[in-house]
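Me: I am new to this structure. Please show it to me, and then let me ask about the terms used for it.

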Amino acid sequence: MASYENLRYEVDGFIATITIAREKALNALNRHTLNELTWALREADGDARVRAVILTGAGDKAFVAGADISEMVEQGATEARGFAQAGRAVGDVLENLSKPVIAAVNGFALGGGTELALACDFIYASDRAKFGQPEVNLGVIPGFGGTQRLPRRVGLARATELILTGDIIGADEALRIGLVNKVVPAAELLAEAKKCAEKIASKGPLAVAYARRALRKSVELTLSAGNDLEGELFALLFATQDQKEGMKAFLAKRPAKFEGK
Ligand code: CAA
């Protein structure tokens, strides 16, 4: 297992938990942390024990308070482009992972923090969570995908209002507009995320991976192309042991034992 400076990577049963751990800077994403996130997500993807991932922040104050402002302050355009690309790379890895990732947002998720959570499959939030894209306060715009993923999640008008005002919203408002799937008391956040991750991990891993791939593509493809992809992935699953096991187990009235093969 790799060791990380600004992250913790832990595996318990089928679940990997990646914790961003730069508490002194409210887990702000500097270049090194972005690189480590890319590596840790790839590690989880290649880890045969792991069937689902939880991404969270250390401490009880912040998930991620944004991209690291002290690192960005003196950047020129070329460096800023590289920095944005490092953030984009994390989003790209999340898009293409073969395993689902639940963001467990335990506090401030601002700027790059909201963007990171948005790139995960879905978000569970503590009742203390706060979301927002305050980049305009700093004279910039979101750089890790916020202008693209936020409108896809909450609609163009709501995303435009959030990004142009820089307003910060609480967990209940985030739930109301569909940014998060569930809000739970802070003390229960990780347990709730784990419960959901374990439920997913009990299903056929290849079915989960293919369903996730089709779902992710649904926002990019035409209905016809999306249905083509779904049909191909559906058919491909009939070449797996998991499909035979799942259907035989149903007919034999016993629980299925999936091996991801
Ligand atoms: N980058 C670097 N350091 C940060 C940070 C960030 N995004 N957010 C907080 N910190 C640091 C603070 O500088 C402070 O450090 P010191 O103790 O050394 O002074 C420490 O974390 C604690 O922060 P505060 O004292 O500010 O804590 P607070 O409780 O008073 O406020 C907060 C909390 C409202 C989250 C406030 O820290 C804040 O507004 N942070 C910045 C939020 C922000 O603007 N995020 C967007 C960044 S730009 C971006 O993300 C661009 C992009 O899309 C790629």
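This is a predicted model: local features need pLDDT of at least 70, side-chain atom pairs count only at pLDDT 80 or more; totals for chains, interfaces and linings use all residues.

Reply: Residues are numbered from 1 along each chain as its sequence is written, and side-chain values use heavy atoms, with hydrogens and water left out.

Me: Why are α1 and α3 called roughly parallel to each other?

Reply: Helix α1 (residues 31-46) and helix α3 (residues 77-96) pack at an angle of about 20 degrees, with their axes 9 Å apart. Angles under 35 degrees count as roughly parallel, over 145 as roughly antiparallel, 65 to 115 as roughly perpendicular and the rest as oblique. So α1 and α3 are roughly parallel. The crossing of α1 past α3 is left-handed (the near helix is turned anticlockwise from the far one by less than a right angle; clockwise would be right-handed).

Me: What makes the contact of α1 with α3?

Reply: Contact means heavy atoms within 4.5 Å. Among the residues making it are Leu34, Leu37 and Leu41 of α1, and Phe83, Ala86 and Val90 of α3. By class, there are nine nonpolar, four polar and two charged residues. Ala, Val, Leu, Ile, Met, Phe, Trp, Tyr, Cys and Pro count as nonpolar, Asp, Glu, Lys and Arg as charged, and the others, Gly among them, as polar.

Me: How do you know that the span of helix α8 agrees with what it should be?

Reply: The expected span is 1.5 Å times one less than the number of residues. For the 13 residues of α8 (residues 189-201) this should be 18 Å, and the end C-alpha atoms are 18 Å apart, so the two agree. The buried residues of α8 include Leu189, Cys196 and Ala201. They pack against β2, β3, β5, β7 and β10.

Me: Why is Ile168 called partly exposed?

Reply: Buried means under 20% relative accessible area, exposed over 50%, and partly exposed in between (1.4 Å probe, protein chains only). Ile168 has 44% relative accessibility, so Ile168 counts as partly exposed. Ile168 is in strand β9 (residues 168-170). Leaving aside neighbours within four places in sequence, Ile168 is in contact with Leu110, Lys130 and Phe131.

Definitions and conventions:
Helices (H or I, at least four residues) and strands (E, at least two) are DSSP runs, numbered from the N terminus. Axes are lines fitted to C-alpha atoms, for helices over the stretch in contact, and angles run from 0 to 180 degrees between N-to-C directions.
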